[in-house]
Amino acid sequence: VAAPGQLDFAVNVIPGGPPGWLRAELLAALNRAVSYPDEGPAIAAIAERHRRDPGEVLPTNGSAEAFWLLASVLRPARSVVVHPTFTEPEVALRVAGHAVQRSYRRPDSFALDPGAVPDDADLVVVGNPNNPTGNLDRADQVAGLARPGRVLLVDEAFIEFTGDEAQSLAGRGDLPGLVVVRSLTKLWALPGVRAGYLLCAPDLAATLRAARQPWSVNTVACAALAACAGDRITASRVAERVTAARQELAGALGGLPGVRVWPSAANFLLLQVPEGPAVRSGLAERGVAVRPADSFPGLGPDHLRIAVRSPEDNRRLVAALGEVLR
Ligand SMILES: Cc1ncc(COP(=O)(O)O)c(C=O)c1O
């Protein structure tokens, strides 16, 4: 969304790139690129981190690959995506020829409404924390959607921003049909490396593994997966920094006339402003790009998603928005 030179509040990846030690790991991995990728160390590290069996771990070429892979392998009779949410899983399902039904979060709070998910859905997709609303739903509520005969796909691409990950289902090998998807893109600032993974029952993992292109996760991505799974300190520091910046930003935005801010557990905030398109162009004229949120089913032209950046950048956004609204 951002034009060159604009301050980019549209993309929801941590600004500034990955930490130096991780860059060094990635560069060192290039020396191993003379051989085909070896996922073994990444699988072992991820399994240990989530206390899962290695047979329940599948590295993916970004978490997006998980959505496309599942869409190509599963044969759901009734797929339901819980909106407003990241649209890629729905796109992947439709491209694979599946009809997709939309279920919606609660209209005002955007909290998960388990009762709105049809009982006979045999594939349910839900984000936690959810993009773009920022909701963090309780693990027991999300887990309550799992049942025999249903695949429950929980997209946890942003869960590391919640610090202790208490609401994650990544460790739940006991829930029937659960697939948890994770990404290194957001918190680790690695969108170009394409590193993610999924956790699910070993039989489904084996089916997905067999349906994959060979070596779809490259050597650099494998190195990133192994290194990040083993480092909880960086993740919790980033989460703390983002939480503090988000609280300050949400407070300042909430003080602007006509602006509604939803509480968020991630590195972005959903806003509603009067006359969204005019606000967006006013911000663009001031060198600030924000993400229009009307492409998310259930949201409209007055909804905008903004990333949490550094406190200085955030203050620039608040000042620009204040000017535009005046
Ligand atoms: C909620 C959510 N899940 C998954 C992804 C995909 O991330 P990646 O494929 O880079 O891991 C995104 C990217 O925007 C996202 O917002």
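Modeller: Helices (H or I, at least four residues) and strands (E, at least two) are DSSP runs, numbered from the N terminus. This is a predicted model, in which local features need pLDDT of at least 70 and side-chain atom pairs count only at pLDDT 80 or more, while totals for chains, interfaces and linings use all residues. Residues are numbered from 1 along each chain as its sequence is written, and side-chain values use heavy atoms, with hydrogens and water left out.

Biologist: Which residue has its backbone oxygen 2.6 Å from a polar atom of the side chain of S264?

Modeller: S264 lies in the loop between β9 (260-261) and β10 (268-272), and its side chain reaches the backbone nitrogen of A266 at 3.0 Å. Such polar contacts are pairs of N or O atoms within 3.5 Å; within protein, one must be able to donate a hydrogen and the other to accept it, and residues adjacent in sequence count only if both atoms are side-chain atoms. The backbone oxygen at 2.6 Å from the S264 side chain belongs to F268.

Biologist: Is E156 buried or exposed?

Modeller: E156 is found in the loop between β6 (151-155) and β7 (178-183). Buried means under 20% relative accessible area, exposed over 50%, and partly exposed in between, with a 1.4 Å probe and protein chains only. Because its relative accessible area is 2%, E156 counts as buried.

Biologist: Which helix gives the largest share of the shell around the ligand?

Modeller: The ligand is surrounded by 13 residues, where a residue is near a molecule if one of its heavy atoms lies within 4 Å of it. D155, S183, T185, K186 and R194 are the closest. The largest share of the shell, 3 residues, comes from residues 63-73, that is, helix α3.

Biologist: How much of the accessible area that the ligand has on its own does the protein cover?

Modeller: An oxygen atom of the ligand is 2.8 Å from a side-chain N or O atom of N131, and a polar side-chain atom of D155 lies 2.6 Å from a ligand nitrogen. Accessible areas come from the Shrake-Rupley method with a 1.4 Å probe; for residues, only the protein chains shown count as cover. Of the 400 Å² that the ligand has on its own, the protein covers 89%.

Biologist: What is omega for the cis peptide bond that joins N131 and P132?

Modeller: P132 is found in the loop between β5 (123-127) and α5 (139-143). The bond from N131 to P132 is cis, with omega about 15°.
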